[in-house]
Amino acid sequence: MGLSVTISAADAADAEHILKLQYLCYQSEAELYGDWSIEPLTQSLDGLRAELAEGHGLVARLGDEVVASVRARIDEDGTVRIAKLIVHPRMQRHGLGGRLLDGIERHFAGTDGATLREAPSPKRFQLFTGHRSEGNLRLYRSKGYAQVATRELGPKLTLVTLEKTAA
């Protein structure tokens, strides 16, 4: 009998596992853009803990192993900024990324049973990825996200910002 993947809120105890997974997952992005100085590869454990404390994170576990994660926070204007959606390479293309996106949206929309403390109602969900990250772009578009902006960060990288209106 196989193990099933469970999704739950991330906490400070998950930070080290998330950071190791993040480092593994962003290797392919660094290679794609020829830049190993990207922030997900240089982020400190304290920086990751701060992100979790300032917003909300989810982890997907296969047994005890963290195999996927996502983080987000809501701004005062109601924009939920979703970041660092990661799925272990051996677990990709099995729907985990989509499940995490759905879960983080439900959390901020207040439809997951969680109570958001003093947070504004979400007006939109926003995320970004690199212009060459076709798998990411395909996933986000399949979940209703549309491109709203691009920003050239250098000769090798253009960030694509996508968003969708909160229901």
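1. How much accessible surface does the protein chain have, and what percentage of this surface belongs to carbon and sulfur atoms? The surface comes to about 9,300 Å², with 50% belonging to carbon and sulfur atoms (Shrake-Rupley method, 1.4 Å probe).

2. This is a predicted model, in which local features need pLDDT of at least 70 and side-chain atom pairs count only at pLDDT 80 or more, while totals for chains, interfaces and linings use all residues. Residues are numbered from 1 along each chain as its sequence is written, and side-chain values use heavy atoms, leaving out hydrogens and water.

3. The protein chain holds 6 helices and 7 strands (DSSP runs, H or I of at least four residues for helices and E of at least two for strands), and from the N terminus on their order is β-α-α-α-α-β-β-β-α-β-α-β-β.

4. The radius of gyration of the protein chain, taken over C-alpha atoms, is 15 Å, which agrees with the value near 15 Å for a compact globule of 167 residues (2.2 Å times the number of residues to the power 0.38). Buried residues, those under 20% relative accessible area with a 1.4 Å probe and protein chains only, make up 44% of the 167 residues.

5. Serine 69, found in strand E3 (residues 65-74), counts as buried because its relative accessibility is 0%. A polar atom of its side chain lies 2.9 Å from the backbone oxygen of leucine 58, and among the residues that serine 69 touches, not counting those up to four places away in sequence, are Ile18, Leu58, Lys84 and Leu100 (heavy atoms within 4.5 Å).

How values were computed:
Buried means under 20% relative accessible area, exposed over 50%, partly exposed in between (1.4 Å probe, protein chains only). A polar contact is a pair of N or O atoms within 3.5 Å; within protein, one must be able to donate a hydrogen and the other to accept it, and residues adjacent in sequence count only if both atoms are side-chain atoms.
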